[in-house]
Amino acid sequence: MLIFLPECALMAMALVLFFASLASWNVTRVYGASLVMGATVVVCAVASWGQEGDLFFGAYQVDAFSQLFKIVITMGLFVVLVMGEGLKGIEERLRPEYFLFVTVSAAGLVFLSSAVELITIFISLEVSSFALYVIIPFRKAGARHREQMEAGIKYVLFGAIASGISLFGMSYVFGIAHTTYLAELGAVVPGLLGASPMLIVGLVMMLAGFFFKLALFPMHFWAPDVYQGAANETAGFVATIPKAGAVALLIRFISLAAGTELGDFNWILASFAVFSMVLGNLSALVQEDVKRLLAYSSIAHAGYVMVALLCVNLLGFATAVYYIAGYMMMNLACFYVVYHVGQEGENVTMDSLTGLYRRSPMLALVLAVGAFGMAGIPPTVGFFGKLFIFTAAIQKSLYALVIITVINAGISAFYYLKLVRAAYSPAEDPGETLPVGKPASLLGIGLMAAILLVGIFPQFFMEVAEMAVGTLMVR
């Protein structure tokens, strides 16, 4: 029972929220129940730490690696639920369903972290994606009706295309390797890469669905429009938690190639990483809408994570875990500010941030800590995450990638510091004071503390990540 405890808790939470939506509970009651159940799910995920085993004829693997990501995903879900107090950007009649579908999406990502068989992986991806297809248009209509409908349609279309390409690639891989289990694929695929060029095509196509979740080039086009068109609460979820699920899957997949030479396949992934970093950072430089800026930023960070994964060793994989967990905290801090500055659920621009330090010193400070972390300024988690990426890549002699990553990290500092400059720029009329309640203030303090403490004491968290990843490397 302990092996499947987090999944059972999430499914029970989804069922309760489903019946709550049928019973027409008011949003305050649903919100309170969601917080209690969300905290319970986190406790269940922590309680199941150390459990090992497999379920469903070996298609579902429970180990330290999957359990670590379940803790990260459930904690991210809880933060998103706390952050969405009031759901100012969601239509009132849809608010109970919002909590339901966010929970279902998180459940799909939790399933994904333990899936070790291609069909199981595909179904887990679709469970997570279908819930997001529903909630992205959940936004107050007003003058922005066209914007959120466009975002919803684009996410569905890109998601369908990514899923179709991924499933087509899986058929190639299965047809050549004659198995859908990752462990068996790891044993036969390296030897077939040179003999069967179509296997490389199949692998790249299969990874398209994973890249869609991570917003990695070339499956990144949806991100700016979806972030901009979705409600602030929804964008905060889409921008953070699915990334952790995608990284978990990519680590589990790429770790099978540890100690083997991938040849052309490695160069393809490296080119995707470079294009993601360059395109994401250069596009972010000219953005005025904060959510659109964070969307291009996420594309660049996907490239950074891919550099760590390309090292195909213990340090590289552990760094990817550390980096994506830190990225979640830093990005949630930025969306926390976007949510509170957009009082009526509207999008936040650079002009909206001007004089923020006078309207709400707390929000300005949270934004500064989050932006400094994303820029890689010490002693934040972002600084050590990038440092570990450079270290792992240098150990594998990926010098060209290191140089490109360093240049891109320098470029990104311009637009992150532009956010801070806007928040601390004096304004003739800064506007009304932005009220931040006690629960929201505690969340802001908690996010800042996490970004700084995980950065100041990186060794402990890296050791946990290395231990978790080590369970994959010994197989």
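Predicted model: local features only at pLDDT ≥ 70, side-chain atom pairs only at ≥ 80, totals over all residues.
## The core

Start on the inside. The largest nonpolar core runs to 179 residues, and Ile-251 and Leu-356 have the most contacts inside it. The biggest giver to this core is helix H14 (residues 314-341), which puts in 20 residues.

What does Ile-251 touch, leaving aside its neighbours within four places in sequence? The list is Phe-65, Phe-69, Leu-309, Phe-317, Ala-320, Val-321 and Leu-472.

## A buried loop residue

Ile-136 sits in the loop between H5 and H6. Is Ile-136 buried or exposed? Its relative accessible area is 0%, so Ile-136 counts as buried.

Skipping residues up to four places away in sequence, Ile-136 is in touch with Gln-148, Ala-151, Gly-152, Tyr-155, Val-226, Ala-230 and Thr-234. If you want a distance to check in your viewer, take Ile-136 and Cys-8: they are 128 residues apart along the chain, with their C-alpha atoms separated by 26 Å.

## Aromatic pairs

There are 27 aromatic pairs in the structure. Take Phe-101 and Phe-138: their ring centres are 6.4 Å apart and their planes meet at 80°, so this pair is edge-to-face. Phe-101 is part of helix H4 (residues 95-114), while Phe-138 belongs to the loop between helix H5 (118-135) and helix H6 (145-177), so the pair ties together parts 37 residues apart in sequence. Phe-101 is partly exposed at 21% relative accessibility, and Phe-138 is buried at 10%.

Tyr-357 and Tyr-424 give us a stacked pair, with 5.9 Å centre to centre and 20° between the planes. This one links distant parts of the chain, 67 residues apart: Tyr-357 is in helix H16 (residues 356-359), and Tyr-424 is in the loop between helix H19 (399-423) and helix H20 (438-456). Tyr-357 is partly exposed at 28% relative accessibility; Tyr-424 is partly exposed too, at 36%. There's also an aromatic cluster made of Phe-130, Tyr-133, Tyr-155, Phe-212, Trp-222, Tyr-227 and Phe-335. Tyr-155 also turns up among the contacts of Ile-136.

Where do we find cis peptide bonds? One runs from Phe-217 to Pro-218, with omega near 5°, and Pro-218 is in the loop between helix H8 (197-214) and helix H9 (222-229). Another joins Pro-378 and Pro-379, where omega is about 5°. Pro-379 is in the loop between helix H17 (361-375) and helix H18 (381-395).

Phe-57 has a phi of about 60° and lies in the loop between strand S1 (53-55) and strand S2 (60-62). Its relative accessibility is 83%, so Phe-57 counts as exposed. Ser-397 has a phi near 60° and is located in the loop between H18 and H19. Ser-397 is partly exposed, at 43% relative accessible area.

Terms used:
Residues numbered from 1 in each chain as written. Heavy atoms only, no water. Core = buried A, V, L, I, M, F, W, Y, C linked by side-chain atoms within 4.5 Å. Buried < 20%, exposed > 50% of the residue type's maximum accessible area, 1.4 Å probe, protein only. Helix = DSSP H or I, 4+ residues; strand = E, 2+ residues; numbered from the N terminus. Contact = heavy atoms within 4.5 Å. Phe/Tyr/Trp six-rings, centres within 6.5 Å; stacked < 30°, edge-to-face > 60°.
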